Amino acid sequence: MKPLLTIFFALALTFSACSGGDSQQETQEEETQEQGLSDFELEHGIGPITARLDISDDIDDDLRVRGQEIFEMKCEMCHNMEGRMVGPALGDVADRRSPEYIMNMILNPGGMAKNHPEGEKLVQEYMSVMPFQNVSEEDARALVEYLRDYNMNN
């Protein structure tokens, strides 16, 4: 009788552990749905970029140069490529985030900080919200090209 009870408890623990994982995943999905974000917004951020961009694997050198100028003028006071400053290091951001996410973060930093789970995490970690930089979508795209180029070459 004792071996039968041992097997029963082992099976009960196995099923309990398996169902716990499912309920945790369901809870996370429910939390995500409560935020009211679409799958696209969760992956690519909240802002004016609402669809995937058609970006070549090759770097557009004119955009890269313009992006570097904008970065030096508007971003490098708070961001470094390697190492933490007021904001996170951006040297590998093109590897970690989609171009659409980066552009939405640049174009809608307040909305991302308030309404996107990753933006909320950044606010908690850095204790500040990125200020609105008043850049156009074209300038944000140029910044993406500069960040992509940096990521590829470093």
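Tyrosine 146 is buried, with a relative accessible area of 11%, where buried means under 20% relative accessible area, exposed means over 50%, and partly exposed lies in between (1.4 Å probe, protein chains only). This is a predicted model, in which local features need pLDDT of at least 70 and side-chain atom pairs count only at pLDDT 80 or more, while totals for chains, interfaces and linings use all residues. Residues are numbered from 1 along each chain as its sequence is written, and side-chain values use heavy atoms, with hydrogens and water left out.

The count of aromatic pairs comes to one, under a rule by which rings of Phe, Tyr and Trp (its six-membered ring) pair if their centres lie within 6.5 Å, with planes under 30 degrees apart counted as stacked, over 60 as edge-to-face and the rest as tilted. Phenylalanine 71 and tyrosine 146 form this tilted pair, at 5.4 Å centre to centre and with 45° between the planes. Phenylalanine 71 lies in helix 3 (residues 61–75) and tyrosine 146 in helix 8, so the pair ties together parts that are 75 residues apart in sequence; helices here (H or I, at least four residues) are DSSP runs, numbered from the N terminus.

## The nonpolar cores

Phenylalanine 71 is also buried, with a relative accessible area of 4%. Leaving aside its neighbours within four places in sequence, phenylalanine 71 is in contact with Glu76, His79, Met81, Leu90, Leu143 and Tyr146, contact meaning heavy atoms within 4.5 Å.

A nonpolar core is a set of buried Ala, Val, Leu, Ile, Met, Phe, Trp, Tyr and Cys residues joined through side-chain atoms within 4.5 Å. The largest one has 20 residues, and those with the most contacts inside it are Phe71, Met81 and Leu147. Helix 3, helix 5 and helix 8 are the elements that give two or more residues to this core, and helix 8 gives the most, with seven residues. A second, separate core of five residues includes Leu37, Ile46, Tyr101 and Met105.

## Salt bridges

The structure holds 10 salt bridges, each being a side-chain nitrogen of Lys or Arg within 4 Å of a carboxyl oxygen of Asp or Glu. In one of them, the side chains of arginine 64 and aspartate 149 meet at 3.9 Å, N to O, and this pair links distant parts of the chain, with arginine 64 in helix 3 and aspartate 149 in helix 8, 85 residues apart. Both arginine 64 and aspartate 149 are buried.

Arginine 66 forms a salt bridge with aspartate 139, in which the closest N and O atoms are 2.3 Å apart. Arginine 66 lies in helix 3 and aspartate 139 in helix 8, so this pair ties together parts that are 73 residues apart in sequence. Arginine 66 counts as partly exposed at 32% relative accessibility, whereas aspartate 139 counts as buried at 18%.
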